Amino acid sequence: MITVTLLDKYVLIYEPLILMLDMKLKCILLVLVGTFTTNLVAQNIDSDIINAYLDNVAQANIEAGSLSVFKGGKEVYSYRFGYNNLPVGVSDNNTQYQIGSVTKMFTSVLVFKLVEQGKLKLTDKLAKYYPDLPNAKDITIKNMLEHTSGLGSYVVKNGEVWVTEKQTDEAILDLIKEQGVKFAPGKDVAYSNSAYYLLSKIVESVSHKPYHELVDTYICKPLELKNTYSANTYTTNVFRPFHFKDNKWTDIKEIDTENIIGVGDIASTMYDLNVFIYGVFHDKLLSKQSFSQMLPIKNKEKWGRGINTFDEGGHIYYGHGGDTLGTHTILMYNPDEDVAIAYSSNAQRVPQEVFKNILYIIYGKEYSIPLVVK
C-alpha cells in the first residue's frame, strides 16, 4: 500500500506514477496527495477528492464500481469508475448490481410487515411450516432473522458453491436437513443463509404471493424504487461480474439467482439502495415498534433481525453487506450523522480496500492506494 497523508487545506494535488519493473512483476504505484476538511460528511462531500482517488484506482485497473452517498435523505455524491477497463462498459445510471445478502434486509422488512398484519409472529416455530427440519420445534422466526437458529448455509455443499445451476426446492431442503444444526437455538450466533431461504418461503406461504410481488408491493412501490428487482422480475440491465485472471478481466459464472430468492437475489442501483435504507430508518415501510425490533441491541448484539452493526472508527453505521461470486456490495446508514452510503463493485482485485479508503477520505483520515502486482 502507498499511504497518503492528509493536509489541512482545501486544494487537491495528485499525480499518478506508473513504475514498470521486470516482465514477471509489473507494479503499478499511484500516489495521491489529498487536502480537505477533517469531517466532510458533517459538512459537504468534496467530490473532487473522491473522484481523483477513484480515477486513480481505475487507472491502476484495480476495481470497477459505483458509490452513492446520501445526507438528510438526498444524494450528495455519486460516481462510477473503472468500467473502461472491462470487456463490456457501463450502460447507464440505471444499470443494476446484484446486491447479494443485502437482500436479507428486504426479507426482514417483509417478515415484520407480515407480523404487523397478524400473519406471522416472531415466536412462531419453524415446525409450523417445515416440521421435518432439524430443531424445527424449537427454532423461531426470530431465531432465523437474527442468525441464532443454528442452521447452516445451503449455498455451500462439500466445500463448494453448488447453486450456480438451477436447483429444485426439494434438493435445497434436503441439503438443509442433511447439514443439520450447529447449536441449540439462541445459544450462539452463526450467519445462516439457510434460515433466510426458509424465511422467504414462509413469507410466500403466509401471504399467498411470490417473493418478487411482495418486494414490489411493500418496498418498491411505497419508496418509488425504479431500479430494484427480485430474481423473477430481472431486467437485462444488470452488470455482469468479472474477476482478474491471466492479466485481464474475465467473466465469472454466477449463482443462479432463482436458488437464492430472499437470500441474495435482488438487483438494484446504489441510489435505490440508499433510498431503501433511508426509508427503513425513517419509518416509511414499518411502524417504529417493528423497526426497533430489527435493530441490534446496543452494546450487546452485532446482528439484529436483518440489520448488522458497522463500527467505522467510532462512527456507528447499521446495514448489511452482500457478496455473490463476483459482485460485492455494502449498504449502511449512520443515524447520528444522517448519512447513508451504498457501494458496489462487480470487478475487484483487492477486496474491501477501495471502500475502506473511501471512508478514510470521507472522515479525513490517512488513506492508501493498493499496490497491485500483475
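Buried means under 20% relative accessible area, exposed means over 50%, and partly exposed lies in between, computed with a 1.4 Å probe on protein chains only. This is a predicted model, in which local features need pLDDT of at least 70, side-chain atom pairs count only at pLDDT 80 or more, and totals for chains, interfaces and linings use all residues. Residues are numbered from 1 along each chain as its sequence is written, and side-chain values use heavy atoms, with hydrogens and water left out.

**View 1. Asn-193, a buried residue in helix H5.** Helices (H or I, at least four residues) and strands (E, at least two) are DSSP runs, numbered from the N terminus. Asn-193 counts as buried because its relative accessibility is 11%. Which residues does Asn-193 touch, not counting those up to four places away in sequence? With contact meaning heavy atoms within 4.5 Å, the partners are Ser-101, Lys-104, Gly-152, Ser-153, Tyr-154, Val-155 and Val-263.

**View 2. The two sides of helix H4.** Helix H4 covers residues 169–179, and its buried residues are Ile-172, Leu-175 and Ile-176. These three span an arc of only 100° around the axis, so they sit on the same side of H4; the arc is that of the directions from the helix axis to the C-beta atoms. Look on the other side of H4 to find Glu-170 and Glu-178, which are exposed. The buried residues of H4 pack against strand S8 (156–157) and helix H5 (193–207). After H4 comes Gly-180, with a positive phi near 70°.

**View 3. Met-144 in the largest nonpolar core.** A nonpolar core is a set of buried Ala, Val, Leu, Ile, Met, Phe, Trp, Tyr and Cys residues joined through side-chain atoms within 4.5 Å. The largest one has 77 residues, and those with the most contacts inside it are Leu-126, Met-144, Tyr-154 and Phe-276. Leaving aside residues up to four places away in sequence, Met-144 touches Leu-126, Ile-139, Ser-149, Leu-151, Ala-195, Tyr-196, Leu-198, Leu-199 and Ile-202. Another core, of 29 residues, lies apart from the largest one and includes Ile-45, Ile-330, Leu-359 and Ile-362. In soluble globular proteins, nonpolar side chains tend to be buried together.

**View 4. Asp-338 in a loop with a positive phi.** Asp-338 is not a glycine, yet its phi is positive, about 55°. You can find Asp-338 in the loop between strand S15 (328–334) and strand S16 (339–348).

**View 5. Gln-352, an exposed loop residue.** Gln-352 lies in the loop between S16 and helix H9 (353–362). Its phi is positive, about 70°, although Gln-352 is not a glycine. Is Gln-352 buried or exposed? Gln-352 counts as exposed because its relative accessibility is 66%.
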